[in-house]
Amino acid sequence: MHTLLSSFVYVSLNLRCVTKTIFHEKTSKFQNGYNQWLHPDLVGVHFPFEEYSNCTLDLQKILNNEQYEIYSFEIKKEVTFSNLKEYFFKQFQISVGQMKDILSH
C-alpha cells in the first residue's frame, strides 16, 4: 500500500509530493495503545520551486522565504462504515492540533 500511495501522491496534480514511510515499530515511545494515533504512516513534502519563474526565485532568496507544503497520510488495513467516523474525526482532530501548534509559534 505504501508504494501505491507514494506513486499516487507523486503524480497527483493536487499533491505532487515525495514521501517517506514512518515505521511505528522503531519509535522510542512504543506502549500498548499509545501509538494508535501518534505517527502518520507516510509523510510527504512538496517544493513548488519548479513552477516558479527565475524572477520569483530571486525574490524568494532576497526575502529569505522558503515555501513548501507538508502532508501526512494514515493508511488503514480496513475502513468500514462502523469505523469511518472514528478515523475521519481523529484525523481532523490531529490536523486542527497541528495547525494550532503552527499558528502559536
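These are my notebook entries on a predicted model of one protein chain.

**Ground rules**

I number residues from 1 along each chain as its sequence is written, and I work with side-chain values that use heavy atoms, leaving out hydrogens and water. Since I have a predicted model, local features need pLDDT of at least 70 and side-chain atom pairs count only at pLDDT 80 or more, while totals for chains, interfaces and linings use all residues.

**Entry 1: the overall layout**

I started with the elements and found three helices and three strands. For the record, helices (H or I, at least four residues) and strands (E, at least two) are DSSP runs, numbered from the N terminus. Reading from the N terminus, I get the order α-β-β-α-β-α.

Next I looked up how much is covered. Of the 105 residues, 17% are buried. Here buried means under 20% relative accessible area, exposed means over 50%, and partly exposed is in between (1.4 Å probe, protein chains only). The accessible surface of the chain is about 8,800 Å², and carbon and sulfur atoms own 60% of that. Those areas come from the Shrake-Rupley method with a 1.4 Å probe, and for residues only the protein chains shown count as cover.

I also checked contacts, meaning heavy atoms within 4.5 Å. Among contacts between residues at least 6 apart in sequence, 53% join residues at least 24 apart.

Is His46 buried or exposed? His46 counts as buried, because its relative accessibility is 3%. I found His46 in strand S2. Its side chain reaches the backbone oxygen of Arg16 at 2.6 Å. That is a polar contact: a pair of N or O atoms within 3.5 Å, where, within protein, one must be able to donate a hydrogen and the other to accept it, and residues adjacent in sequence count only if both atoms are side-chain atoms.

Leaving aside neighbours within four places in sequence, I listed Leu15, Arg16, Cys17, Glu51, Tyr68, Glu69 and Tyr71 as the contacts of His46.

Then I followed up on Arg16, which sits in the loop between helix H1 (2-11) and S1. Arg16 has a positive phi of about 45°, although it is not a glycine. With a relative accessible area of 33%, Arg16 is partly exposed.

**Entry 2: helix H2**

How many of the ten residues of H2 are buried? The count is one, so I noted H2 (residues 54-63) as hardly covered. I looked at Gln60, which lies in H2 and is buried at 13% relative accessibility. Not counting residues up to four places away in sequence, Gln60 touches Phe49, Tyr52, Asn65, Glu66 and Gln67. Just after H2, I spotted Asn64 with a positive phi of about 55°.

**Entry 3: aromatic pairs**

I searched the whole structure and got three aromatic pairs. The rule: rings of Phe, Tyr and Trp (its six-membered ring) pair if their centres lie within 6.5 Å, and planes under 30 degrees apart count as stacked, over 60 as edge-to-face and the rest as tilted.

One of the pairs is Phe47 with Tyr68; it is tilted, because the ring centres are 6.2 Å apart and the planes are at 55°. Phe47 is in the loop between strand S2 (42-46) and H2, and Tyr68 is in the loop between H2 and strand S3 (69-73), so this pair ties together parts that are 21 residues apart in sequence. Phe47 is partly exposed at 39% relative accessibility, and Tyr68 is partly exposed at 47%.

Another pair is Phe88 with Phe89, which is edge-to-face because the planes are at 85°, with the centres 5.1 Å apart. I marked Phe89 as partly exposed, at 46% relative accessibility.

**Entry 4: helix H3**

Asn83 is in helix H3 (residues 81-104), and I have it as buried with a relative accessible area of 13%. A polar atom of its side chain lies 3.4 Å from the backbone oxygen of Glu78.
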